[in-house]
Amino acid sequence: MKFKIKRFNEKNGSYWQTFEVPVRTAMTVLDGLFYIRENLDNSLAFRASCRMGICGSCAVKINGKPRLACETQLSKFKEVKIEPLDNFAVIKDLVTEFEGFFAKHKKVKPYLINPKISYENPVEQIQTPKQLKAYYDFTLCIKCGACYSVCPAGATLESYLGPAALASAYRFNADSRDHGKEERLKIVSQPNGVWRCHSAMECSEVCPKQIEPAKAIQLLRRATLR
């Protein structure tokens, strides 16, 4: 199968390179990338870790859509075109800069804020199944960056918090054990927060874990108006 890969390095800039990869049953795009690096060009740079759709590090743009390379079967395609994620600075080939992405997560305080929690004397924080259900889906985010890569607001305003960080803010605001709701609502109400979203809904469309960041943003908007 033909692998057409958009590569980049400081010396040559951006360019396309094509490789011919032998395909076997159940082979993934990530398997193909490893084949290229181990047999055809050991300079090819890409990220990968768990190989099972948990770490999110292998997210790239495959045939025009952000996907996890480890979960994308080659049998779906006749050929593959692979690019780095949009809306991220490229470091080399398919490796993009995530420092700003995680800094935005940090801004929304993605942790439980509860003065009653003592790490010296921990006490179980009990929840009902209904309380857990209120936020559980949003705990499944693997921080792969697919949502941010298709976000038109992220493409036009670098400081925009983005769908992943805002979904994380909603996840903790909806947690019955948390007492930091008002702090986060002040953060997400700023000009680079929920009101910057264009409601394109592409973030929910491409999420490999079927999380709905667009829904979380709408729920946060509603909360800021109360």
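**Charges, burial and a surface patch**

Analyst: R171 counts as buried, because its relative accessibility is 12%. Buried means under 20% relative accessible area, exposed over 50%, and partly exposed in between, with a 1.4 Å probe and protein chains only. This is a predicted model, in which local features need pLDDT of at least 70 and side-chain atom pairs count only at pLDDT 80 or more, while totals for chains, interfaces and linings use all residues. Residues are numbered from 1 along each chain as its sequence is written, and side-chain values use heavy atoms, with hydrogens and water left out.

User: Which side chain meets R171 in a salt bridge?

Analyst: A salt bridge is a side-chain nitrogen of Lys or Arg within 4 Å of a carboxyl oxygen of Asp or Glu. Here R171 pairs with D175 at 3.0 Å, N to O. D175 is buried, because its relative accessible area is 2%. D175 also forms a salt bridge with R177, at 2.7 Å from N to O. Another network, joined by salt bridges that share partners, holds R7, D41 and D93.

User: How many salt bridges does the rule give?

Analyst: The count is eight. One of them joins D86 and K61, with the closest N and O atoms 2.8 Å apart. This pair links distant parts of the chain, 25 residues apart: D86 is in the loop between β5 (79–83) and β6 (90–92), and K61 is in strand β3 (residues 59–62). Strands are DSSP runs of E with at least two residues, helices are runs of H or I with at least four, and both are numbered from the N terminus.

User: What is the nearest side chain of opposite charge to R67?

Analyst: For charge, Lys and Arg count as positive and Asp and Glu as negative; His and the chain ends are not counted. R67, in strand β4 (residues 65–68), is buried yet has no salt bridge, and the nearest side chain of opposite charge is E205, 9.6 Å away. Contact means heavy atoms within 4.5 Å. Leaving aside neighbours within four places in sequence, the contacts of R67 include C58, V60, K76 and F77.

User: Where is L140 found, and why is it called partly exposed?

Analyst: L140 is in the loop between α3 (129–133) and α4 (146–149). The term applies because its relative accessibility is 33%.
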